[in-house]
Amino acid sequence: MHTFQPYPIDLLEMNPFTKIGREWALVTSGTKAKVNTMTVSWGGVGVLWGKNVTFIFIRDSRYTKEFIDQGEFFSLAFLDETYHAALQYCGSHSGRDNDKWSEAGLTPAFRHSIPYPDEANLVILCHKMAAVPITENTFTDKNIMSKWYGDKDMHTMYVGEILDVMAR
Ligand SMILES: Cc1cc2nc3c(=O)[nH]c(=O)nc-3n(C[C@H](O)[C@H](O)[C@H](O)COP(=O)(O)O)c2cc1C
């Protein structure tokens, strides 16, 4: 197990466009009994409802969605480039079918009962504040539905209050 230090959020200099959009992240949710993780490249960080938050977008079909829906917490974790293949694996295999953790060479760890991959170098621990289904009638740009949701596998936007940032 790696040792993580609390990281003051005011010192965070991450660029969400590169960190999430290009380098990708792992969203992890569940309990010690059962925990799942998946790769995301859509999402962000910001301020909402008087809190520092993350927001992520999870399609209906993802096994990880069941864990986020059932629990109160999730984490958003960033790994260095040596784990790129692991992120590719977690973004193309479902925990319904495989033991993703061992197949990807990752280890679930917990802080305040919130799961994250121990191999991460930056972890944002979140308390779920809102689950907002993205439906066809929410699009003002009518191209989005046909471009991204031909199969009707819609996203839910989850907003999470940032409880802790940890770095190693
Ligand atoms: C680079 C990359 C980014 C992804 N981003 C997202 C995302 O933001 N939201 C989403 O629902 N799925 C995303 N996916 C797809 C899921 O990671 C993928 O379907 C995964 O196998 C789901 O695993 P699960 O069924 O165990 O939850 C992404 C996949 C890759 C490779």
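Hi everyone, let's begin at Phe55, which sits in strand 5 (strands are DSSP runs of E of at least two residues, helices runs of H or I of at least four, all numbered from the N terminus). Before going on: this is a predicted model, where local features need pLDDT of at least 70, side-chain atom pairs count only at pLDDT 80 or more, and totals for chains, interfaces and linings use all residues. Residues are numbered from 1 along each chain as its sequence is written.

Back to Phe55. Is it buried or exposed? Phe55 counts as partly exposed because it has 19 C-beta neighbours inside 10 Å; buried means 20 or more other C-beta atoms within 10 Å, exposed means 12 or fewer, and partly exposed is in between, with C-beta atoms placed from the backbone. Leaving aside residues up to four places away in sequence, Phe55 touches Gly43, Gly44, Met157, Tyr158 and Val159 (contact means C-beta atoms within 7 Å). Phe55 and Ala131 are 76 residues apart in sequence, yet 9.7 Å apart in space, C-alpha to C-alpha.

Next, helix 2, residues 63-70. Thr64, Lys65, Phe67 and Ile68 are buried there. Down the helix axis, the buried residues fall within an arc of 160°, so they line one face of helix 2; the arc is that of the directions from the axis to the C-beta atoms. Among the elements covering them are strand 5 (51-59), strand 6 (73-78) and strand 9 (122-133).

Now the ligand. How many residues surround it? There are 20, and the closest are Tyr63, Thr64, Gly91, Ser94 and Gly95 (near means a C-beta atom within 6 Å). Strand 3, strand 5 and helix 2 each supply at least two residues of this shell, and strand 3 gives the largest share, four residues.

On to the core. The largest nonpolar core has 34 residues, and Ala25, Leu26, Val27, Ala77 and Val123 have the most contacts inside it; such a core is a set of buried Ala, Val, Leu, Ile, Met, Phe, Trp, Tyr and Cys residues joined through C-beta atoms within 7 Å. Beyond residues up to four places away in sequence, Val123 touches Phe4, Ser75, Ala77, Tyr116 and Met166.

Finally, two loops. Most residues other than glycine have a negative phi. Trp49, in the loop between strand 4 (43-48) and strand 5, has a positive phi, near 50°. Trp49 counts as exposed because it has 9 C-beta neighbours inside 10 Å. His112, in the loop between strand 7 (108-111) and strand 8 (114-117), has a positive phi near 50°.

Technical notes:
Contact = placed C-beta atoms within 7 Å.
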